[in-house]
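This briefing gathers some local features of one protein model, grouped by topic. Please read each point alongside the structure shown here.

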Amino acid sequence: MESGENGAFHPLDEKSLVEYIKSTPVLVARLGGEAELDHLTIKEVGDGNLNFVYIVTSPKGSFVAKQALPYVRCVGDSWPMTRDRAHFEALILKEHGRLCPEHAPEVYHFDRSMSMIGMRYLEPPHIILRKGLIAGIEYPLLAQHMSDYMAKTLFFTSLLYHSTADHKKAVAEFCGNVEMCRLTEQVVFSDPYRISNINRWTSPYLDQDAKSVREDDELKVQIAELKSMFCERAQALIHGDLHTGSVMVTIDSTQVIDPEFGFYAPMGFDIGAFLGNLVLSYFSQEGHATETNDRKAYKDWILNTIEETWSQFEKKFLSLWDLHKNGNGEAYLPDIYNNPEVLHMAQKKYMNNLFHDSLGFGAAKMIRRIVGIAHVEDFESIKDESRRAICERRALNFGKLLLKERQKFDTIGQVITAIKERSVQ
């Protein structure tokens, strides 16, 4: 067993968490001092697959305690999982918080021996974005906030900003998150394309659809290319699991949580994950429509958000590049890219490649959520299975199209048009 600030690892329950807090001054301070410890409210809210999550509140303060377990919580002891993911999550929260403090919750405390993070409690009315999308709530600042978060966290951890020496040092630090990377490799890039006892889908309605994924040779060739890129390309420090369940929102606040899958990888994996999950939400809306609300206006808002997120990201990313073009970044040295024409050509090619990477990874994330192990509440909350399957089939067919033909799309507007066409088939 490891040892550290509070001794050997043990899973915390509500009672032992109180004892832990008492021995951790920074957490006591967050709750307003020792006098408040007799008035604590502790609520376990970990509805995810991997961790214990407790909301701790007192009359004078609050925080969230998140503890990584040595196994996959939703499966149990039979699926061991490294607790080191908590170490990397804390590192990424701190780094992304430094780069984009408006959209990353503050970390107050990390105890490696206990795999425990104490961080800001995102109080109500913050909710998980995915739940807001299911409820049909519009978030007018979402595209602005997420494009800001992605532009800053990806640009400032890339070779456009870093020297090669600094970049390699940072890459080396995060290479240790290998188990989480391997889990992603398995469930995103491998399992949906083979028979696996952990795959599931809306059966029997999608039996043939799942089979068609496993038998599609062109799909397999394309997913292999993306898997290689994911495993080999240390482009920037990504969140690693940037779906709509990893974002908490109000009408005017957007906070990105849960970066435990993060490491240095292709930027497009983050961008694609977020956009791909918005596309899943779009295709699910038909299943949430009622006689009094056909969700058509909401579907238009989702499409507009997808378009705006990419457009604003591209604009902000290029703006950062222009601002720092004479800095330490060694990917495009200023004495080589020394006139506006050549720099513009290089930027255009870079962003075009990033766009296609994002489309490919977004498609892969869509497919795995329909025929792989972990599904999304957007579809799962549609009680009528035949109705759910129709929505999922449309999303799956679009995901397959996007994965195979991503290079044919030149603009995000063309992608939006293709989504609309697939939504009625």
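This is a predicted model: local features need pLDDT of at least 70, side-chain atom pairs count only at pLDDT 80 or more; totals for chains, interfaces and linings use all residues.

Two strands count as paired if DSSP finds at least two bridges between them.

**Strands 1, 2 and 3**

- Strand 2 (51-58) is joined to strand 3 (61-68) by eight bridges, the two strands running antiparallel, and the hairpin that connects them passes through two residues.
- On its other listed pairing, strand 2 is linked to strand 1 by four bridges, again in an antiparallel arrangement, and here Ile42 stands opposite Val56 of strand 2.
- Because seven of its eight residues are buried, strand 2 is largely enclosed by the rest of the structure.

**Helix 1**

- Within helix 1, which spans residues 14-22, the buried residues are Leu17, Val18, Tyr20 and Ile21; viewed down the helix axis they fall within an arc of 160°, so they line one face of the helix.
- The cover over these buried residues includes helix 2 (25-30) together with strand 1 (41-44), strand 2, strand 3, strand 6 (107-111) and strand 7 (116-119).
- The N-terminal end of helix 1 is capped by Asp13, a side-chain oxygen of which lies 3.2 Å from the backbone nitrogen of Lys15.

- His375 belongs to the loop between helix 12 (340-371) and helix 13 (377-380), and it counts as buried because its relative accessibility is 12%, where the cut-off for buried is under 20%.
- The side chain of His375 reaches the backbone oxygen of Arg200 at 2.9 Å, while a polar contact of 3.5 Å joins the side chains of His375 and Glu380.
- When neighbours within four places in sequence are left aside, the residues in contact with His375 are Arg200, Trp201, Arg369, Ile370, Glu380 and Glu392.

**Helix 9 against helix 12**

- The axes of helix 9 (residues 217-232) and helix 12 come within 10 Å and cross at roughly 110°, and the two helices are therefore roughly perpendicular to each other.
- Helix 9 makes this contact through Ile223, Leu226, Met229 and Phe230, and helix 12 through Asp357, Gly360, Phe361 and Ala364.

Key
Residues are numbered from 1 along each chain as its sequence is written. Side-chain values use heavy atoms; hydrogens and water are left out. Buried means under 20% relative accessible area, exposed over 50%, partly exposed in between (1.4 Å probe, protein chains only). The arc is that of the directions from the helix axis to the C-beta atoms. Contact means heavy atoms within 4.5 Å. A polar contact is a pair of N or O atoms within 3.5 Å; within protein, one must be able to donate a hydrogen and the other to accept it, and residues adjacent in sequence count only if both atoms are side-chain atoms. Axes are lines fitted to C-alpha atoms, for helices over the stretch in contact, and angles run from 0 to 180 degrees between N-to-C directions. Angles under 35 degrees count as roughly parallel, over 145 as roughly antiparallel, 65 to 115 as roughly perpendicular and the rest as oblique.
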